[in-house]
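Open the model in your viewer and keep the selection panel at hand. We will go from stop to stop, with a word at each one on what to select and what is there.

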Amino acid sequence: MGETEGKKDEADYKRLQTFPLVRHSDMPEEMRLETMELCVTACEKFSNNNESAAKMIKETMDKKFGSSWHVVIGEGFGFEITHEVKNLLYLYFGGTLAVCVWKCS
């Protein structure tokens with residue numbers, strides 16, 4: 001019975017956090033807001049498929065802000081990257097999902 005309650009609590013927590021929590025960003029305000037909105041839309045649309053969500057974000061960013069965007073979405077990863085200044089966004093969404101978007105040439 002305790003295991004079932006734990007899963008229910010986790011599902012409730014994920015449902016409660018429906019806003020993006022920015023961990024780090026050096027993007028201009030307008031670009032950051034557009035990117036956050038795009039990330040939320042993609043993660044909600046492809047809630048069971050992080051690969052498709054990342055592909056949607058990357059393709060949209062490439063069209064809107066030029067090519068060479070990279071996207072990582074997952075629940076447990078570490079990263080060390082080199083990126084262009086003013087082109088990085090790292091946020092959490094839905095409780096445990098982390099999204100990192102950056103541009104490098």
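Let us begin with rings. Rings of Phe, Tyr and Trp (its six-membered ring) pair if their centres lie within 6.5 Å; planes under 30 degrees apart count as stacked, over 60 as edge-to-face and the rest as tilted. By this rule the chain has 4 aromatic pairs.

Before selecting them, two notes on what you are viewing. This is a predicted model, in which local features need pLDDT of at least 70 and side-chain atom pairs count only at pLDDT 80 or more, while totals for chains, interfaces and linings use all residues. Residues are numbered from 1 along each chain as its sequence is written, and side-chain values use heavy atoms, with hydrogens and water left out.

**Stop 1: the ring cluster**

Select Phe-77, Phe-79, Tyr-90 and Tyr-92, which ring pairs link into a cluster. Start with Phe-77 and Phe-79: their ring centres are 5.9 Å apart and their planes are at 40°, so this pair is tilted. Now turn to Tyr-90 and Tyr-92, with centres 5.7 Å apart and planes at 50°, so this pair is tilted.

How is each ring residue covered? Here buried means under 20% relative accessible area, exposed over 50%, and partly exposed in between (1.4 Å probe, protein chains only). Tyr-90 is buried at 13%, whereas Tyr-92 is partly exposed at 27%. Phe-77, at 26%, is partly exposed, and Phe-79 is partly exposed at 35%.

**Stop 2: the whole chain**

Zoom out and switch to a cartoon. Helices (H or I, at least four residues) and strands (E, at least two) are DSSP runs, numbered from the N terminus. The chain has 3 helices and 4 strands, in the order α-β-α-α-β-β-β from the N terminus. Of its 105 residues, 32% count as buried.

Contact means heavy atoms within 4.5 Å. Among contacts in the chain with a separation of 6 or more, 58% are between residues 24 or more positions apart.

**Stop 3: helix α2**

Select residues 29-45, which form helix α2. The expected span of a helix is 1.5 Å times one less than its number of residues. For the 17 residues of α2 that gives 24 Å, and the end C-alpha atoms are 24 Å apart, which agrees.

Next, colour the buried residues of α2: Met-31, Arg-32, Thr-35, Met-36, Leu-38, Cys-39, Val-40, Ala-42 and Cys-43. While you look down the helix, recall that an α-helix has 3.6 residues a turn, so residues three or four places apart point the same way. To see what covers the buried residues of α2, show β1 (21-25), α3 (50-65), β2 (69-74), β3 (88-93) and β4 (97-103), which are included in that cover.

**Stop 4: Arg-32**

Stay in α2 and pick Arg-32. Is Arg-32 buried or exposed? Arg-32 is buried, with a relative accessible area of 18%. A polar contact is a pair of N or O atoms within 3.5 Å; within protein, one must be able to donate a hydrogen and the other to accept it, and residues adjacent in sequence count only if both atoms are side-chain atoms. The side chains of Arg-32 and Glu-29 make such a contact, at 2.7 Å. Leaving out residues up to four places away in sequence, Arg-32 touches Val-22, Ser-25, Met-27 and Leu-89.

**Stop 5: the cysteines**

Cys-43 is buried at 6% relative accessible area, and Cys-100 is buried at 1%.

**Stop 6: Glu-84**

Finish in the loop between β2 and β3, where you will find Glu-84. Glu-84 is partly exposed at 25% relative accessibility. Its side chain makes a polar contact of 2.9 Å with the side chain of Ser-105. Beyond four places in sequence, Glu-84 touches Asp-26, Lys-103, Cys-104 and Ser-105. Draw a line from Glu-84 to Lys-103: they are 19 residues apart along the chain, with their C-alpha atoms separated by 5.9 Å.
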